[in-house]
2 protein chains.
Amino acid sequence: MMSAPLMAEARGATPAARDAFAAVQLELAGAPAGLALRRPFDPAAHSLDPSFRLTRFSDLKGRGCKVPQEVLSRLLEGLSADEAGANDQDHHLFHVPMNRLGKWIGMDASITPLGAGGLSLVQTTDFIYPLVDDPYMMGKIACANVLSDLYALGVTECDNMLMLLAVSTKMTERERDVVTPLIMRGFKDSAMEAGTTVSGGQTVVNPWCTIGGVATTVAQPNEYIIPDNAVVGDVLVLTKPLGTQVAVNAHQWLDIPERWNRIKLVVSEEDVRKAYQRSMDSMARLNRVAARLMHKYNAHGATDVTGFGLLGHAQTLAKHQKNEVSFVIHNLPVISKMAAVAKACGNMFQLLQGHSAETSGGLLICLPREQAAAYCKDIEKQEGYQAWIIGIVEKGMRTARIIDKPRVIEVPAKEKEGELW
Amino acid sequence: MMSAPLMAEARGATPAARDAFAAVQLELAGAPAGLALRRPFDPAAHSLDPSFRLTRFSDLKGRGCKVPQEVLSRLLEGLSADEAGANDQDHHLFHVPMNRLGKWIGMDASITPLGAGGLSLVQTTDFIYPLVDDPYMMGKIACANVLSDLYALGVTECDNMLMLLAVSTKMTERERDVVTPLIMRGFKDSAMEAGTTVSGGQTVVNPWCTIGGVATTVAQPNEYIIPDNAVVGDVLVLTKPLGTQVAVNAHQWLDIPERWNRIKLVVSEEDVRKAYQRSMDSMARLNRVAARLMHKYNAHGATDVTGFGLLGHAQTLAKHQKNEVSFVIHNLPVISKMAAVAKACGNMFQLLQGHSAETSGGLLICLPREQAAAYCKDIEKQEGYQAWIIGIVEKGMRTARIIDKPRVIEVPAKEKEGELW
């Protein structure tokens with residue numbers, strides 16, 4: 001039965017939009033408690049061609065959409081030099097030369113003091129290209145991905161979100177009418193789950209479909225954790241497995257025989273479908289509990305793992321430490337079978353080298369050694385998902401590395417999900 | 001001579017980036033006081049092909065990039081219905097059914113109460129495709145365009161900005177290295193002019209080049225003006241001339257003989273170059289003084305004129321009024337000769353019908369009749385730019401219209417500019 005609000009939505013909408021809402025309702029049927037019971041997106045149920053794939057409306061995925069880190073640093077170089085004087089606050093906070101354009105090459109979100117009263121504006125923006133075919137899930141992932149930048153600073157409350165959506169010029173009108181409301185609803189539901197709302201944004205057309213937003217909060221100093229306080233003896237915790245980029249690619253290759261042939265010796269179709277599902281679930285999961293527990297267990301700083309891969313983000317975090325420390329990573333938790341797939345693809349992903357892009361990845365957190373195990377236990381108790389101790393903080397020159405032969409931890413799709421998908 | 005900060009910028013940059021900075025410096029030479037003395041962008045001075053045109057890196061300009069208003073309303077329809085309950089604050093403010101996604105179909109910026117203390121988060125986002133060929137000016141225009149949404153609410157101080165930049169996949173590496181820092185610098189200079197800073201953002205690659213950002217401020221209730229208070233007897237003031245879309249198109253047609261032939265009977269090449277210059281100048285101008293004077297002269301509400309044209313935005317503003325009022329527009333100030341060009345193009349622009357898109361257009365302000373003339377005089381005194389009384393507020397059902405034969409006011413390029421360009 002349709003709920004009253006959804007009935008109201010359907011009234012006055014175009015037939016396509018009505019169908020879309022009906023299909024969303026169907027997909028959500030009987031699953032008020034969450035994600036795992038949702039039916040997967042079926043293009044045909046929306047009167048779209050069964051071959052419709054949202055992921056075809058962009059030529060890039062994950063890291064591909066970002067300007068490479070070294071190019072960006074070079075381009076931004078010029079913009080910081082003349083602001084050194086105006087920039088004392090950041091210098092004070094970071095103890096290292098800090099680009100005024102903090103977000104790009106430094107922190108995950110910007111922190112702007114609002115003058116008297118000790119309040120600061122904490123905000124971030126991000127957008128991504130479609131990397132899963134389910135528009136509703138894509139909306140959820142995009143929202144979780146934006147919020148993750150706040151969570152990396154230990155911020156748990158978001159005051160407001162804006163949504164940034166570009167609809168592909170290559171979609172038919174019907175495809176647009178089906179896909180757009182589903183993406184928006186996914187985004188909005190994720191915001192609601194995070195206890196915030198979407199108050200505005202922009203919708204434009206563009207050759208590639210892009211989905212993103214802005215997350216903003218006004219915070220007291222005790223509500224965020226400046227990620228510069230790692231000390232020798234800390235350990236590194238990661239709250240989501242790696243391998244989302246590998247999994248979404250492998251899933252696309254199920255439709256492309258010549259690509260599939262390259263990996264079919266190391267993985268079954270069922271393995272790929274499970275890994276894809278696990279990835280979607282993981283990318284749509286908020287890092288909010290992870291952020292809340294950072295306060296409880298006295299975290300010394302964190303970042304979220306996204307487009308530049310585990311090592312890229314670890315290096316950026318290391319670079320901004322006050323103390324002379326370095327990060328050494330020993331363990332790589334990877335979505336089951338995806339390490340084998342990555343290896344079978346040669347140098348393409350560089351997963352075990354720490355360079356494979358993640359979308360809406362986990363938090364990488366520096367925790368006091370004696371607190372880390374309790375942190376992992378607590379997050380598993382609260383959310384039912386594991387977190388892993390993956391490395392240590394030692395004396396060093398603010399760099400990060402992965403040891404020669406890291407231990408790969410195979411992270412299975414959860415049994416509960418396995419049964420459903 | 002290069003200033004010390006710019007020297008610092010050049011060190012360590014690639015040769016292309018170094019050249020770009022040198023060229024920026026050249027273009028800014030001797031003009032610390034402002035825009036009018038800046039030399040125009042010359043691709044060859046940056047070792048780019050003389051035929052390089054930034055505006056070719058998008059197929060759309062102005063309104064073209066927005067999803068049409070009616071389509072958007074339909075797509076968004078579904079998202080508001082189930083939030084009526086959560087939405088009392090907005091209802092209280094607006095006295096009309098207000099979509100929670102305020103920005104898209106209602107106000108120019110969203111206002112989110114921050115709980116105790118009376119503070120609200122006021123924020124907006126916007127991005128546009130290149131519509132002028134000078135990357136530095138394009139950056140300035142994009143920034144002014146984002147800030148304009150805050151200014152429309154009478155907000156004069158912006159606490160923080162984020163920049164959103166998509167570099168075209170179709171640019172060569174050299175083009176990218178030249179264009180990107182110039183756009184960023186233009187954006188940043190405009191932010192500085194507005195008394196704010198750019199603390200972060202996102203840079204991605206995309207088929208089309210897009211430039212935009214986010215503007216955020218934390219404000220007391222007396223620092224913004226909810227645009228719902230027009231009363232019968234008010235007059236409507238517009239602070240920038242119309243016709244920017246016509247001018248930037250006409251300017252592109254100088255390179256396209258078959259298009260140029262359609263308008264060359266009504267306009268000279270020099271007229272087009274002057275109108276283009278006037279447009280750039282106008283689009284890069286901040287609406288900040290216009291916003292400040294709204295408080296001094298007791299404005300009853302305002303909006304900024306952008307992608308949906310004068311009438312589109314007037315209608316949206318009318319729709320959200322508390323009182324039963326309607327707007328009637330009698331006068332259309334248009335950049336010199338652009339009304340004639342628009343007429344020669346048939347129905348293409350619909351400039352005199354109020355539908356021609358503007359970018360970073362003026363504020364359309366409801367002012368008490370007895371204050372309007374003083375407002376216009378004051379803004380001209382402070383900025384050297386005219387504002388115009390263009391219509392009246394009468395009793396009605398919250399609609400807006402332009403009279404049958406509106407008076408077109410030809411707005412010349414300023415003499416000062418005329419000499420220089």
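Reply:

A:Asp255 pairs with A:Arg53 in a salt bridge, their closest N and O atoms lying 3.4 Å apart, where a salt bridge means a side-chain nitrogen of Lys or Arg within 4 Å of a carboxyl oxygen of Asp or Glu. The model is a predicted one, in which local features need pLDDT of at least 70 and side-chain atom pairs count only at pLDDT 80 or more, while totals for chains, interfaces and linings use all residues. Side-chain values use heavy atoms, with hydrogens and water left out, residues are numbered from 1 along each chain as its sequence is written, and chains are lettered from A and ligands numbered from 1 in the order in which they are written.

A:Asp255 belongs to the loop between helix 8 (244-253) and helix 9 (257-263) of chain A, and A:Arg53 to the loop between helix 2 (15-28) and helix 3 (69-81), so the pair ties together parts that are 202 residues apart in sequence; helices (H or I, at least four residues) are DSSP runs, numbered from the N terminus. A:Asp255 is partly exposed at 43% relative accessible area, and A:Arg53 is partly exposed at 23%, the term covering values between buried (under 20%) and exposed (over 50%), with a 1.4 Å probe and protein chains only.

In chain B, B:Asp255 forms a salt bridge with B:Arg53, the closest N and O atoms being 3.3 Å apart. B:Asp255 is partly exposed at 43%, as is B:Arg53 at 23%.

Another salt bridge in chain A joins A:Glu193 to A:Lys140, with 3.2 Å between the closest N and O atoms. Here A:Glu193 is partly exposed at 45%, whereas A:Lys140 is buried at 8%.

Definitions and conventions. Helices (H or I, at least four residues) and strands (E, at least two) are DSSP runs, numbered from the N terminus.
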